[in-house]
Amino acid sequence: MRARLPLVIVALASLGATFVLLPVVALFVRAPWNRLAGALSGVGASTALRLSIEVSLAATAISVAVGVPLAWVLARGEFPGRSLLRAAVVLPIVLPPVVGGVGLLVALGRSGVVGRWLHDALGIQLTFTTAGAVVATTFVSMPLVVLATEAGLRGLDLRYERAAAAMGGSAWYVFRRVTLPMVAPQLAAGAVLTWARALGEFGATITFAGNLAGRTQTMPLAVFEARQIDPGGAIVLSLILVVVSVSVLVALGGRLTGLR
Amino acid sequence: MVLEAEIEVRRGDVTVAAAFSAGDRETVGLLGPNGAGKTTIVETIAGLVPAASGRILLDDEPIHDLPPERRPIGIAFQDGVLFPHLSVMENVAFPVRARGARSRAARERAFELLEWLAPGIDPGAKPGTLSGGERQRVALARALAGTPRVLILDEPLSAVDVSARAELRALLRRTLRGFAGPRLLVTHDPVEAMTLADRVVVLESGRITQTGTPDEIRDAPRTRYAADLVGMNLFAGRLTPLEAGAGALETADGVVTVPWPEGRAVGPIDDVLATLAPADVALHAVRPEGSARNVVHGVVDEVAILGDRARVRLNGSPRLVAEITTGSVARMAIRSGGAVWASFKAVEIHLMVERGPTDTL
């Protein structure tokens, strides 16, 4: 039997749905359909889109590689300052991205605390490079996969890992064969959210990596720039981002993300 | 192979302290009420719970400093604790793979064990689709897969349906007997302990209150708990129909009239177990005339006083233990060496019908 919903709930839900959908619908309404091809080539859509996908995937990969161990330490480690570490990990979610960008600049910029040494000793410069865009994007989006994985680890029944140890599994073997597969659903959901956040990243990237077409100009930056010279082109770029995002979320379905 | 454990473990406010050993090819039953510390003890032996102090020796070699994965112990956990993301076959292969064997060798070992212990179960099934009894069979196979030197079974029947219990008990007995090394069986079920263990360690509130063979504990339980739960009369043998609703259980030392098991066709049944609480046995100075179907005449072997109760061991056909008040002992002048009549009703007898072979390997 289907649940009967109170009218108030239905009305408020409709309001919420309209609010979310309205800008998307408006984008379609106002898109310069008659000069679509021209607008696309004019604003360098394909370059920005490819860069956006590369940067967001790289940021997601790094976030998973570093964030999952971090989640494990937060969930299982017992050491002083653990709650402080968790607060620090969550900070990029709370912080305005532009502040994160400034922080990265004074840390990893050419004359930054660590960046100076990177540049002088190793010849590595992150600002105004694609690598810099990846760094800025990772900084902002990694907390999502850390938090999701940590929640999964906390919800995991410790008996399974204990059993695996009693079956002769070394700590690494147990992590690989038992812990990781058992938190896979939460990890995957977190990774998808991280990727989604990375795809939309703007503030930290433009502050730290700059806005160079072909190197650091991802889709959100391209939209921002097009806004000032070609409002129609900005709409087209925005629509592309909407279509890509929705396609990916629908393709992954509720299976991975829990977003049904 | 001999396992010796002398350990003290703190669990919250409770301290569990136990010293016992298990010999080669000996099944030691750790019997006690829930919360007595049984699981804590075996998990300490397996290295999953740190001991506050003590030592664990295997053939005089200390193993208490080894991490759990390096202790040669196979353990079937309560409720199985099978990995939900792995198939039945992968679960059983896990200990073999974890110890570095190749995938192919591990699979062969797993199939071999599953064929023996869980023939009806699809090796590709996920544990979530199995019944309690099936999960326990897989857990048993997994415990044996890593060719351990010590086998531990933690409450192997607690999550199993009553209907599947008898068959699984028979399988456990075969498996335990077939395992060459010390075996520990954790249970809160006295019948399980009495029928599967060679020696029983009774554990109450974190302390060992008694150690002995099942017969020794049955005949002279030292605590109220042991008397109530372990000190049962146990009859085993072949059941043949006697009359409508009743059967004759032929034990090694006498025949007992019992109710016919519900739902079983009328015909001889092998390997039937029956229990009778000592408090349900009445003693009489002269031959009783009444409704009780079972009347036994015998000589009193021993009178053990436990608080205000006395346990009277009667050497008759069959041998019996009766529990009566100390007042009755005095009134009837019951003493060892004296003759006495005992009676008990068929309906007081609790039957457990085993299926299949029990003692063949």
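Trainee: How many Å separate the centres of domain 1 and domain 2 of chain B?
Mentor: The centres are 33 Å apart, taken over C-alpha atoms. Bear in mind that this is a predicted model.

Trainee: And which residues belong to each domain of chain B?
Mentor: The assignment puts 3-230 in domain 1 and 233-353 in domain 2.

Trainee: How many residues does each domain of chain B put into the contact?
Mentor: Domain 1 of chain B contributes 10 residues, and domain 2 of chain B contributes 11 residues.

Trainee: Which elements of domain 1 give two or more residues to that side?
Mentor: They are α6 (190-196), α7 (214-219) and α8 (224-230) of chain B. The most comes from α6(B), with 3 residues.

Trainee: Switching to the two chains. How many residues does the contact take from chain B and from chain A?
Mentor: Chain B provides 16 residues and chain A provides 14 residues.

Trainee: Which elements of chain B supply at least two residues there?
Mentor: β6 (73-76) and α2 (88-98) of chain B each do. The largest share of the chain B side is from α2(B), at 3 residues.

Trainee: And by class, what does the chain B side look like?
Mentor: The side of chain B that touches chain A has 11 nonpolar residues, along with 2 polar and 3 charged residues.

Terms used
Residues numbered from 1 in each chain as written. Chains lettered and ligands numbered in written order. Predicted model: local features only at pLDDT ≥ 70, side-chain atom pairs only at ≥ 80, totals over all residues. Domains from an automatic or database assignment. Contact = placed C-beta atoms within 7 Å. Helix = DSSP H or I, 4+ residues; strand = E, 2+ residues; numbered from the N terminus. Nonpolar A, V, L, I, M, F, W, Y, C, P; charged D, E, K, R; others polar.
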